[in-house]
Every structure is written in C-alpha cells, then in structure tokens.
Amino acid sequence: MLNKGIKTITTEDIRWLRCDIKSLNLLGAVLANQKAHASGCDEAILHRDGTVTECSSSDIFIVKDGTIFTHPTNHFILNGITRQAVIQLAVKSGIKVMERPFTLDELFTSDEVFASSTTLEVMPVIQIDNKTIGNGSPGQLTKKLQELFSEAIPSSALDLEKKEEFI
C-alpha cells in the first residue's frame with residue numbers, strides 16, 4: 001500500500017468537540033472507518049461543514065504547489081506523534097508546511113494527498129470519493145516524505161539508539 005496508495009471517502013465529522021483528547025470515546029471514528037470499509041475504501045477523511053479535520057484513524061495532509069497543508073493543532077484533531085514527525089521532517093528538509101484549515105474543494109483539487117499515523121506511516125491517498133487525486137499514483141513530495149520518514153524512524157525495536165536521537 002505504501003507504494004500504491006489508498007482509496008478514501010469523505011464523511012461528516014460527528015465526533016465530540018474535544019478530538020485532541022485521546023479517550024475511549026471513539027464511536028464516531030469507528031463508524032466513519034466502518035463506512036469507509038463498507039464502501040471498499042481504506043480510510044475516511046472527516047470534515048466539519050466542509051472544513052477537513054483529519055481521518056478516522058490518521059492525520060491528513062494535502063500538497064499544493066509544493067507546500068504541505070494540514071489542519072492546525074486544536075481541539076478538532078488529535079496531534080499524533082507521527083503527524084509531528086512528518087511536519088518536523090518536512091521543515092528540516094526545506095519543504096514549506098502550513099498548518100491551517102482547508103476545505104473539501106482544496107482537498108479535491110490538491111496535487112497530492114497523504115495520511116499519516118503509526119500504522120500507516122506516510123500513506124499516499126490516490127482516490128477520494130471515487131475521484132482520482134493527481135495522476136492516481138503517489139506524488140513526488142509524498143515519496144520524498146516516505147523516504148525521510150523511513151530513514152528517521154527505526155523499523156524495529158532493535159534500533160533504539162536511532163529512535164532516541166529523533167525524539
């Protein structure tokens with residue numbers, strides 16, 4: 001999947017208003033994820049009144065004209081450690097990152113889209129609501145971030161020294 005990307009759907013974000021708190025209140029995210037899988041997709045991209053927040057179990061990023069956009073850290077998203085790592089890696093490598101809300105229209109017209117989480121790492125999104133993103137394959141900036149992430153984050157628990165250096 002990392003080399004090919006995933007298919008997603010969009011759905012209204014019905015979660016409570018304190019998504020920044022990791023709690024047992026995951027029913028809204030579980031329902032969104034179930035809807036995605038029932039639609040033959042791997043993930044659900046959530047939005048509140050047309051403003052994209054995050055995914056059912058990951059963070060979401062868009063790329064437009066070489067700049068990465070992602071929702072700002074506030075009570076509408078969980079500021080995941082992988083999200084933080086991706087932003088840090090992008091900035092360190094000279095890629096411009098803007099944390100600001102973006103709309104569904106911006107999502108659908110972006111050059112690239114990717115999700116991040118502990119399990120997905122940096123995952124290209126190639127389709128949203130049956131609409132192809134870019135040319136339907138992982139974009140160059142997404143591939144670059146995958147490389148940077150792979151180099152920075154150890155792939156096994158045996159590489160603890162490298163992990164401590166990153167954190």
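Me: In what sense do E5 and E6 pair, and over how many bridges?
Reply: Parallel, over four bridges. Keep in mind that this is a predicted model.

Me: Which residue in E6 does Phe69 stand opposite?
Reply: Met98.

Me: And what unit do E5, H2 and E6 make?
Reply: A right-handed β-α-β unit.

Me: Stay on E5. Which way do the side chains point, and are they buried or exposed?
Reply: Thr67 and Phe69 point one way, Ile68 and Thr70 the other. All four of these residues are buried.

Me: What about E4 and E5, parallel or antiparallel?
Reply: Antiparallel, with four bridges. Phe61 stands opposite Thr70 of E5 there.

Me: How many residues sit between the strands in that hairpin?
Reply: Two. Asp65 in this hairpin takes a positive phi near 50°.

Me: Switching topic. How many salt bridges does the structure hold?
Reply: Four. One of them joins Arg83 and Glu99, at 2.8 Å from N to O.

Me: Where do Arg83 and Glu99 lie?
Reply: Arg83 is in helix H2 (residues 81-92), Glu99 in strand E6 (residues 96-99). So the pair ties together parts 16 residues apart in sequence.

Me: Is Arg83 buried or exposed, and why?
Reply: Buried, because its relative accessibility is 2%, and the cut-off for buried is under 20%. Glu99 has a relative accessible area of 40%, so Glu99 counts as partly exposed.

Me: Which residue does Arg48 meet in a salt bridge?
Reply: Asp13, at 3.4 Å from N to O. That pair links distant parts of the chain, 35 residues apart. Arg48 is in strand E2 (residues 43-48), while Asp13 is in the loop between strand E1 (6-12) and helix H1 (27-38).

Me: Buried or exposed, those two?
Reply: Arg48 and Asp13 are both buried.

Me: And what does Lys64 meet?
Reply: Asp111, in a salt bridge of 3.8 Å, N to O. Here the partners are 47 residues apart. Lys64 is in strand E4 (residues 59-64), and Asp111 is in the loop between helix H3 (104-108) and strand E8 (112-117).

Me: What's the accessibility of Lys64?
Reply: 32% relative accessibility, so Lys64 counts as partly exposed. Asp111 is partly exposed too, with a relative accessible area of 35%.

Key
Residues numbered from 1 in each chain as written. Predicted model: local features only at pLDDT ≥ 70, side-chain atom pairs only at ≥ 80, totals over all residues. Heavy atoms only, no water. Salt bridge = Lys/Arg side-chain N within 4 Å of Asp/Glu carboxyl O. Buried < 20%, exposed > 50% of the residue type's maximum accessible area, 1.4 Å probe, protein only. Pairing = 2+ DSSP bridges. Right-handed = clockwise from strand over helix to strand, strands pointing away.
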